[in-house]
Amino acid sequence: MNQKNVLVLFGGTGPEHEISMASAEYVIGALGRHRVIPVYITKEGKWLLYDGKLDNIKNIDWEKFGTQAVLSPDRTHGGLMRIVGDKFKLIPVDVVFPVMHGPFGEDGTVQGLLELAGLPYVGCGVVASAVAMDKGVTKLVARALKIPQAEFICLDSSYIKENMGEALKKIRYKVGYPCFVKPACGGSSIGISKALNRKELTAALELAMEYSSRIVVEKMIEGREIEVGVFGAGEAARATAPGEIIPDGDFYDYNSKYITGSQTVPTADIPKETAEKLRGYALAIFRAIDGRGSSRVDFFVTPEGKIIFNEINTMPGFTGISMYAKMWKESGLSSQELIEELLKLALEEA
């Protein structure tokens with residue numbers, strides 16, 4: 001592929017701001033000969049462009065060295081508008097890599113802006129991004145596909161706040177203990193808790209409601225945590241061999257993922273038949289939500305060998321510990337080759 005002007009969006013106003021920065025550092029390092037146009041979105045939502053060296057984007061003082069920029073939805077512009085004083089300068093963009101995780105980045109909002117602007121971009125479109133971000137809706141898709149999953153219930157936070165006692169009874173009847181409580185729209189295990197009793201469930205609901213207006217509660221599954229990487233679009237999409245996460249804590253929470261460090265096994269030691277079923281389920285749900293580009297699909301495999309679907313992430317992490325790139329490396333794609341393939345697909349699908 002010829003050299004392209006690649007706009008890399010990262011940061012953002014959501015709770016996964018720091019993870020986005022770490023992923024962007026990885027992606028920028030793998031972009032090789034392309035011209036990188038780095039735009040950092042502050043926690044307040046301000047867009048900043050930086051022209052200096054990007055050896056370590058996490059340590060750059062963006063507020064000091066960055067200049068304000070905006071992405072125009074006007075298709076005739078075809079690029080980024082840099083603002084200097086009362087003047088605007090257009091910077092042409094060939095393709096956008098939104099290295100954004102969670103709300104206001106991975107949920108279809110940024111994708112919608114890019115669609116309006118008419119700019120090709122890496123990753124899933126508006127529909128797939130929005131559906132996968134909402135765990136409750138995703139579970140309905142999995143149910144329609146007859147993909148096994150844990151018993152669950154999805155409740156609005158307004159209902160929970162006004163009827164906490166009734167909500168606790170519904171959860172105990174439908175799901176029981178132990179259970180996991182999750183913000184329906186979120187990622188990186190932020191706001192997730194395990195509850196063993198009524199008191200813990202109440203606290204878990206209150207925590208989850210800080211991050212989402214819809215809450216998913218699901219029955220705890222005892223099993224190995226297995227992930228499958230998916231790349232492509234439609235029937236041409238392909239999947240990696242399953243990898244395995246071995247948490248160093250009670251479960252794979254934010255602390256276990258990014259701080260204490262769990263063990264990642266890019267190729268899981270599981271029976272061939274189970275591996276093929278996992279890959280089939282991953283591709284089925286990816287295609288059902290109209291996935292495009294990259295996704296990571298998470299499962300549990302019980303001691304009896306039963307497969308349980310957990311969730312799909314349409315912008316998997318690209319940090320040094322993230323499984324998506326590791327699994328594709330096991331399949332023969334280096335980080336540079338993977339990023340190049342993602343850019344190529346984005347341009348082909350535009």
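Q: What makes E311 and K135 a salt bridge?
A: The closest N and O atoms of E311 and K135 are 3.9 Å apart. A salt bridge is a side-chain nitrogen of Lys or Arg within 4 Å of a carboxyl oxygen of Asp or Glu, so the pair qualifies. The model is predicted: local features need pLDDT of at least 70, side-chain atom pairs count only at pLDDT 80 or more, and totals for chains, interfaces and linings use all residues. Residues are numbered from 1 along each chain as its sequence is written, and side-chain values use heavy atoms, with hydrogens and water left out.

Q: Why is the pair said to tie together parts that are 176 residues apart in sequence?
A: E311 belongs to strand β17, whereas K135 belongs to helix α5 (residues 135–144), so their pairing links parts 176 residues apart in sequence. Helices (H or I, at least four residues) and strands (E, at least two) are DSSP runs, numbered from the N terminus.

Q: What makes E276 partly exposed?
A: E276 has 43% relative accessibility, so the residue counts as partly exposed. Its salt-bridge partner is R279, with the closest N and O atoms 3.3 Å apart. R279 is likewise partly exposed, at 23%.

How values were computed:
Buried means under 20% relative accessible area, exposed over 50%, partly exposed in between (1.4 Å probe, protein chains only).
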